[in-house]
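This report describes how the chains of one assembly meet and how two of those chains are built.

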Amino acid sequence: MSNSLSKEEAKSKIDKYAADILRPMQSHGGLELWVMLLALGLIMYVFAYFIQLRDGLGVTAMRDYVSWGVYISNFVFFVAVSLVGMLISAVLGLLKQDWIKPITRVAEVVALGFVMVAGLVIVNDMGRPDRLMNVFIHGRIQSPIVWDITVITTYVTISLLLFYLPLIPDLAFAKKRLKNMPVWQYHLFNILSLGWIGTPEQYKILHKGIRLLAILIIPVALAIHTVTSWLFAATLRPGWDTTIFGPYFVAGAFVAGAAAVVILMYILRVNYKLKDYFTDFHFDKMGQLLVLVSLVYLYFNLNEFLVPAYKMKDADAVHLHTLFSGKYAVLFWGVQIFGMIIPIIMMLFRRFRKPAWLAGIAVFVLIGAWLKRVIIVIPTLLHPHLPIQNVPEAFHQYFPTWIEVFVTLGSFVMALGIITALLKIFPVIPIWELAEEEGLTEEFESYE
Amino acid sequence: MENTSSRLVVGLLAVLLLSSFSVFAQSEWKVEDAKSKMSNPIQADDASLKEGKALFKTNCITCHGDPGKNNGLPLVPKPSDMANAAFLSANSDGAVFTKMTDGRITMPSFKAVLSEKERWKIVNYIRSFDENKKVASTVTAVKKEGQTLGVPYQLSLNYNPEESSLVAFVRGTLTDGNLAPASDVEVGFFVKRYFGDLPIGDRGGVTDENGMIKAAIPTDLPGGEEGKALAFAKLNDVDTYGDVSAKTEVSVKAVEIINLMDERSLWTVSVMAPWWLIFTYFGILIGVWGTLGYVVTLLFKLKKAGV
Amino acid sequence: MSEKNKESKSRRDFLKTGSLIGLGAVAAGAATYAGFAYEGGKGHPKVPHIEDSLSETEQKIKVLTENGELAEVDINSLAPVEKDEYQTAIQQQGREGLAGKHWTMVIDLSKCRNARMCMAACQNAHHLREEQHHINVLRMQDDRNSAPYFMPKPCFHCDNPPCTKVCPVDATFKRQDGIVLIDNERCIGCRFCIAACPYSARVFNWFEPKEVEGDDDLLYNVELNVPQKKGTISKCLFSADRLREGKLPYCVSACPNGVYYFGDLNEDTVTNGTSGETVRFSELIRDNAGYTIMPELGTKPRVYYLPAKNRLFPFQFEGKTTLEDEHI
């Protein structure tokens with residue numbers, strides 16, 4: 001290996017990596033409070049879901065017309081956010097965007113946390129979760145739900161592998177470096193590192209595996225969100241019956257996912273003191289990425305709303321009037337303006353791509369992304385082709401009940417719980433990749 | 001049987017639902033004098049009575065029931081039996097006509113449905129039940145050499161496959177016990193269908209002097225894959241002639257019965273999914289999971305390479 | 001357990017089930033001749049004639065017939081059937097449907113005066129809650145300047161059904177006679193079919209279904225969706241259980257105004273539920289300009305409408321003869 005640094009410098013650099021990146025795995029400032037908060041959220045979730053199981057889905061605000069509510073919106077959001085794993089570790093990685101390397105693991109963790117809980121969000125929405133196995137016993141391959149379950153399962157598996165493979169050298173590294181490791185963690189690392197000793201042969205196999213997964217995850221990730229969009233686009237309802245839903249959802253997913261990664265990067269930068277790894281430069285790049293995908297998404301929004309609004313077909317007109325000037329106007333314009341247009345304009349300027357600013361903007365974008373899914377799911381259901389008549393007043397509108405709020409918050413708690421656990425147990429940055437980039441692989445492996 | 005029981009159910013429901021109208025039921029339906037005094041411009045001859053009867057059957061019988069049998073629907077207010085003497089004496093032709101035209105509460109307005117002439121023909125038919133103003137009714141029994149023709153009547157049905165027609169031959173019993181052809185007997189022709197009897201041959205008619213009547217079988221009527229149907233004829237006036245009918249199997253149009261479930265499609269059950277979908281789905285599944293399997297074998301290789 | 005014991009036990013079970021079902025049959029009007037040997041998956045379940053059973057054998061039992069009358073039949077003419085077996089059999093025949101049939105309904109809008117007896121009869125038959133409509137009489141107006149009318153809306157039992165397409169577990173399915181049914185024993189409650197149906201024909205059991213006495217003892221009948229089950233879908237079934245007995249659907253028979261015709265497209269015949277009048281389907285449609293709702297969606301509905309011309313009853317709802325922004 002070529003090496004421009006002296007042996008001493010190289011060694012101290014690796015030591016610094018080890019210190020900076022491995023340290024947060026053992027210093028848990030504020031963790032107890034955070035875990036307690038999560039536990040509290042989980043208890044609320046269990047309580048709310050228990051009531052839902054006992055009394056039926058009627059405890060939600062969903063009824064025969066608005067038969068999908070925040071659960072499904074939230075499911076779409078979760079799938080959307082998880083797509084970022086593919087964008088960052090696969091697309092940008094394969095495009096040789098080397099600046100992305102420190103961020104890949106964070107992106108994978110976000111993807112894993114959200115996609116694993118997405119499955120549960122769907123189960124929360126089921127009227128008969130006790131019959132979940134029917135999907136596997138009687139699975140009907142003509143149904144987009146079956147495709148969705150297939151691709152999500154596949155995506156979870158690929159994401160796990162894509163999280164795990166690049167972790168192997170770091171596990172071996174951490175095992176050697178970290179003192180006072182709990183026994184369970186040592187054993188875990190020992191088993192998972194698969195006897196990694198860093199031979200060139202091992203590196204070759206590892207690179208091959210990662211490359212294969214990075215290629216494979218692209219179509220699968222596109223599939224999960226495209227199929228999720230088909231849950232809507234496959235119906236004949238005004239507002240959903242459109243052909244651009246696939247790319248529209250995928251573009252939206254990149255926005256939500258990139259925003260989530262930016263927020264997490266900022267938290268880690270502060271909480272894990274990783275200023276030297278998630279630098280201003282990285283935030284600037286992520287800001288550029290976010291503004292790029294947001295512009296693409298804006299373009300799709302233009303198509304999605306302007307084209308039908310130009311024609312104003314009868315059924316579409318009712319739907320569009322509700323969004324533009326009716327009951328959902330405040331939400332619709334709020335999301336479009338504060339969740340997309342203003343963030344895009346701001347992010348075009350370098351000063352707003354500084355870490356704190358960008359993280360702040362990303363919060364707006366992420367909230368906007370969540371609400372956007374509500375706008376996609378609910379207003380359409382309020383305007384079926386035939387009028388809603390001879391039913392109680394509650395059937396004519398939808399506003400989530402506290403049960404739905406807690407169950408939905410619970411899903412976030414679980415996703416954040418998974419993310420927290422992964423980021424506490426494992427190194428948050430792929431150290432060996434940084435070493436490799438600097439040509440320090442030898443030093444990385446040679447510690448005794 | 002089915003009809004009466006369903007009528008009963010309908011009726012009971014109707015009573016519940018329409019009880020709110022009961023206040024109207026108390027008040028009598030008065031037709032203003034001028035309208036009441038209108039006279040019927042249509043002659044009450046056989047043709048008009050026959051037409052009136054047919055119109056009554058399609059438009060009125062559902063609620064008012066068979067005249068004289070008091071089997072109308074128990075709506076509130078209750079539809080009168082049209083052969084009820086009190087009704088007939090209380091309502092002049094003009095009044096009946098006006099009620100039919102305007103309607104009230106449960107009685108619909110037939111203004112747009114029936115022409116004025118048609119309405120008057122129905123009035124004629126209704127009036128034919130009025131004992132006081134009995135219009136000469138059609139002769140139903142034929143006298144023959146001083147004998148009377150009466151029950152039991154017999155009906156035989158001949159099927160002519162060449163011209164696809166049915167001929168019904170009606171005979172009555174003479175006083176001496178012999179059979180003789182009965183003319184002017186109303187015969188209906190039907191084809192058996194799953195829920196009811198489909199009238200064919202212009203809804204039948206009356207027998208000629210030889211006691212015969214012919215009916216064409218609609219050859220475009222589907223009769224399953226064999227093109228067969230069960231046709232039958234029956235004497236319409238059960239009260240006079242008794243319940244007399246005869247049946248025969250006839251040839252109609254053979255049609256292909258398409259079983260929707262034989263089709264591979266997106267909407268049908270899982271096992272009948274289209275081949276392209278099965279191949280695509282499982283093809284991709286095997287491709288992706290095969291690759292993942294390969295990646296897992298790489299992990300084993302990785303472990304080996306470390307020893 | 002010895003073979004003999006087993007047999008006598010199953011017979012006792014049968015007797016018990018038989019009487020339970022007998023009660024249920026009256027309540028639900030379902031074709032539940034429990035215990036009668038069920039032969040073949042198609043057509044009517046075979047019911048032994050009473051004459052047949054008056055043979056020399058002595059042992060007679062009383063069973064409740066479909067009409068609610070007690071009949072005495074020879075026990076030897078009945079094959080004892082286990083509850084599970086019977087359940088499987090009715091599920092099986094329910095999934096297959098009647099061979100050679102293709103049911104259709106014709107709704108004459110000119111005769112509808114919103115009496116809602118169809119809705120009441122339907123809710124009663126299917127044990128539905130007050131707000132659950134398998135058939136719903138809508139107040140419609142197609143354009144600002146056109147006239148309002150009442151439109152009863154059942155499930156259209158489409159020949160290209162968007163709802164069965166999306167079902168992940170074959171819980172809603174179309175059978176050979178064209179009826180789209182729901183298996184409440186299999187439905188997972190994902191409600192994708194509700195989203196997919198452009199006609200809002202489906203309802204969901206958001207809570208425990210309406211309590212109907214005797215429901216606990218009833219075997220589930222896929223052709224009736226009774227007893228209803230919490231967390232699953234329900235919708236118009238064209239009264240599949242009645243069709244099997246040669247009877248017209250509940251709503252069709254209940255209408256006092258002659259709105260409904262029902263029949264078999266393969267026979268080209270429909271029968272009016274009120275007057276019993278039987279007519280050629282093709283002629284009825286031709287002579288009255290029959291149409292289907294929103295044909296542009298390509299769902300191929302099997303429910304036809306006759307336009308609301310020459311109305312027998314003028315449109316009136318809550319004292320008004322016009323609609324304000326109900327639909328348009």
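Accessible areas here come from the Shrake-Rupley method with a 1.4 Å probe. On that basis, chain C exposes about 12,700 Å², of which carbon and sulfur atoms supply 48%. The model is predicted, and every value below is computed from it.

**Chains B and C**

Chain C contains nine helices and 13 strands. Of its 328 residues, 63% are buried. When contacts in chain C between residues at least 6 apart in sequence are considered, 62% of them join residues at least 24 apart.

Chain B has 10 helices and nine strands. Buried residues account for 43% of the 307 residues in chain B. The share of contacts joining residues at least 24 apart, among those between residues at least 6 apart in sequence, is 58% in chain B.

**Interfaces of chain A**

| Interface | Buried area | Carbon and sulfur share |
|---|---|---|
| Chain A and chain B | about 2,300 Å² | 77% |
| Chain A and chain C | about 3,900 Å² | 56% |

*Chain A with chain B.* The contact involves 30 residues of chain A and 27 residues of chain B. Zero salt bridges are found across this interface, while 11 residue pairs are in polar contact, both residues being at pLDDT 80 or more. On the side of chain A that touches chain B, helix H7 (144-164) and helix H10 (200-233) of chain A each supply at least two residues. H10(A) gives the largest share of that side, namely 10 residues. By residue class, the side of chain A that touches chain B consists of 17 nonpolar, 10 polar and three charged residues.

*Chain A with chain C.* Here 44 residues of chain A and 50 residues of chain C take part in the contact. Two salt bridges cross the interface of chain A and chain C. One of the two pairs A:Arg140 with C:Asp170 through their side chains, at 3.1 Å from N to O. Polar contacts between chain A and chain C amount to 33 residue pairs, again with both residues at pLDDT 80 or more. Helix H2 (31-55), helix H6 (134-137), H7 and H10 of chain A are the elements that give two or more residues to the side of chain A that touches chain C. That side divides into 21 nonpolar, 14 polar and nine charged residues.

Terms used
Residues numbered from 1 in each chain as written. Chains lettered and ligands numbered in written order. Predicted model: local features only at pLDDT ≥ 70, side-chain atom pairs only at ≥ 80, totals over all residues. Heavy atoms only, no water. Contact = heavy atoms within 4.5 Å. Buried area = accessible area lost by both parts, 1.4 Å probe. Salt bridge = Lys/Arg side-chain N within 4 Å of Asp/Glu carboxyl O. Polar contact = N/O pair within 3.5 Å; in protein donor to acceptor, adjacent residues only side chain to side chain. Helix = DSSP H or I, 4+ residues; strand = E, 2+ residues; numbered from the N terminus. Nonpolar A, V, L, I, M, F, W, Y, C, P; charged D, E, K, R; others polar. Buried < 20%, exposed > 50% of the residue type's maximum accessible area, 1.4 Å probe, protein only.
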